[in-house]
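Visitor: I have a model on the screen and would like to know what stands behind the words used for it. Could you take me through them?

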Amino acid sequence: MPREPRTAPGTERKVFVKTYGCQMNVYDSQRMSDALAADGYVATETVEDADLVVLNTCHIREKAAEKVYSELGRLNALKKARAREGKQTVIGVAGCVAQAEGREIVARASAVDLVIGPQTYHRLPDAVRKALAGEKVVETDYAVEDKFERLPDPRAADVRRRGVSAFLTVQEGCDKFCTFCVVPYTRGAEVSRPVAQILAEAEKLAAAGVREITLLGQNVNAWRAAGPDGRDWGLGDLLWRLADVPGIARLRYTTSHPRDMDDDLIAAHRDLAALMPYLHLPVQAGADRILKAMNRRHTAADYLKLVERIRAARPDIALSGDFIVGFPGETDEDFEATLKIVREAGYAQAFSFKYSPRPGTPGAALDGQVEEHVKAERLDRLQALLAEQQKTFLTGLVGERIDLLLDRHGREKGQLVGRSPWLQPVIVDESLGEIGDIVPVRIVRHTGASLFGEAARDRT
Ligand code: SAH
Ligand code: SF4
Ligand code: F3S
């Protein structure tokens, strides 16, 4: 096998990347690590050893953004301690806080040497070189060039570290402007990556042993691009093409907006065996007046009708969602409508949050901000209902026979873990196969959010 170029011994530098926020940040962190690896940086899990620390941040709620500043406080002390030992430490802030706050970060946290927004990661190695030379670097322009074109191709060894299940970002940004949300400001306008670029990356993943790909996008189902057949392709077409990549057995995608769920995509859930029966389709709230104030551009009835069409295509689909409680002006009655839509739609699992006013978003300036204790009570009630639904879903899976893709070792010795088609972790004995195998399993019980399986020898 050809050896990959390596940095000369002694010149190796270490990088520690910490990821906050959504799966798109997880993917971006991998691409940043790949780009830095090409520049001689080796990943470390020990922050004290790192010559370069990158915080890949999230701005979605106040708590998420504030975590970054407490981490930067700790890093400041670490940087000083390392300096006393004669070691230089470069501290970088990437991600959505970087994009939203830019230069303010450097003013507030003096330890920070570089700030880089999500559209400019291809410039990261260069920014690090400038920071090493003593410059404070702030790169938060919406780059005109395609970062994916310019990011170095990941080395095969780095791709193999992804394991058998990998993320692939196909779409970025958002044009929806929900009034609570920072994403359109931090990630910019909706952009779809071209088919050829996505296929090349999927083939590379498959060649490195990846068997399951999760396509990512802030609005992944808004993905559209010119197909090789000259037609305008939507996500459904892309999924069909990706299912043909040798080695790729399973496909998933997240996150979807109800407005962009088209007929082809719904049909793919019916006809494309590689597409797993799981759909993250946030509705956010159940009252039409709140949905309108949120600028979601769909009603509760539209959403329920859509869920019905998806279930008609794929009856066993596991529905997932996001909910916000306490949006400005939300009354008790509005909140009851959220509980009602949860009961009517039925979720296998979901994420729910207290509304957090975000600077620069229209929601933050609205009258009728809801008191904290009211938000907390509503969140408790909503989460109790969602937990009950999750339990019902898991109980319904006991006895099912599934094909399980084994993707990692379990916490306890002798265990292997995979994801069920509906995305829950399934724990089995290691005698069932090896990581990367797809094995027949019967679900025998569940605890909390995990399922346990045994070898299924019989066919049903
Ligand atoms: N693009 C996706 C989700 C983006 S952010 C979509 O359109 O649904 C992930 C979730 O965070 C959102 O679905 C929403 O539920 C939550 N969220 C976003 N802004 C928020 C805010 N200001 N306060 C509380 N939760 C928020
Ligand atoms: Fe945010 Fe709405 Fe865009 Fe989702 S669709 S990223 S919630 S603005
Ligand atoms: Fe957070 Fe940015 Fe993702 S705000 S949720 S990291 S798109």
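**Terms and what backs them**

Visitor: What makes a residue part of the group around ligand 3?
Guide: A residue counts as near a molecule if one of its heavy atoms lies within 4 Å of it. Around ligand 3, the residues are Cys22, Asn25, Thr57, Cys58, His59, Ile60, Cys96, Arg187 and Gln218. This is a predicted model, in which local features need pLDDT of at least 70 and side-chain atom pairs count only at pLDDT 80 or more, while totals for chains, interfaces and linings use all residues. Residues are numbered from 1 along each chain as its sequence is written, chains are lettered from A and ligands numbered from 1 in the order in which they are written, and side-chain values use heavy atoms, with hydrogens and water left out.

Visitor: How do the residues of the shell around ligand 3 divide by class?
Guide: Ala, Val, Leu, Ile, Met, Phe, Trp, Tyr, Cys and Pro count as nonpolar, Asp, Glu, Lys and Arg as charged, and the others, Gly among them, as polar. On that basis the shell around ligand 3 has 4 nonpolar, 4 polar and 1 charged.

Visitor: Which residues surround ligand 2?
Guide: Among them are Cys174, Cys178, Cys181, His257 and Arg296. The shell around ligand 2 holds 7 nonpolar, 2 polar and 2 charged residues.

Visitor: Which residues line the largest cavity?
Guide: Tyr27, Arg31, Pro154, Val159, Arg162, Phe167, Glu201, Lys204 and Leu205 do. By class, this lining has 5 nonpolar, no polar and 4 charged residues.

Visitor: How is the protein divided into domains?
Guide: The bounds come from an automatic or database domain assignment, which gives domain 1 (13-139), domain 2 (153-276) and domain 3 (401-455). The centres of domain 2 and domain 3, taken over C-alpha atoms, are 25 Å apart.

Visitor: What area is buried between domain 2 and domain 3?
Guide: Buried area is the accessible area (1.4 Å probe) that two parts lose on being put together, summed over both. Between domain 2 and domain 3 the value is about 760 Å², with 61% given by carbon and sulfur atoms. Val164, Arg250 and Arg252 supply 63% of the area that domain 2 buries against domain 3.

Key. 1 Å grid on protein atoms, 1.4 Å probe; cavity = no way out; pocket = protein on both sides within 12 Å on 5 of 7 lines; lining within 4 Å.
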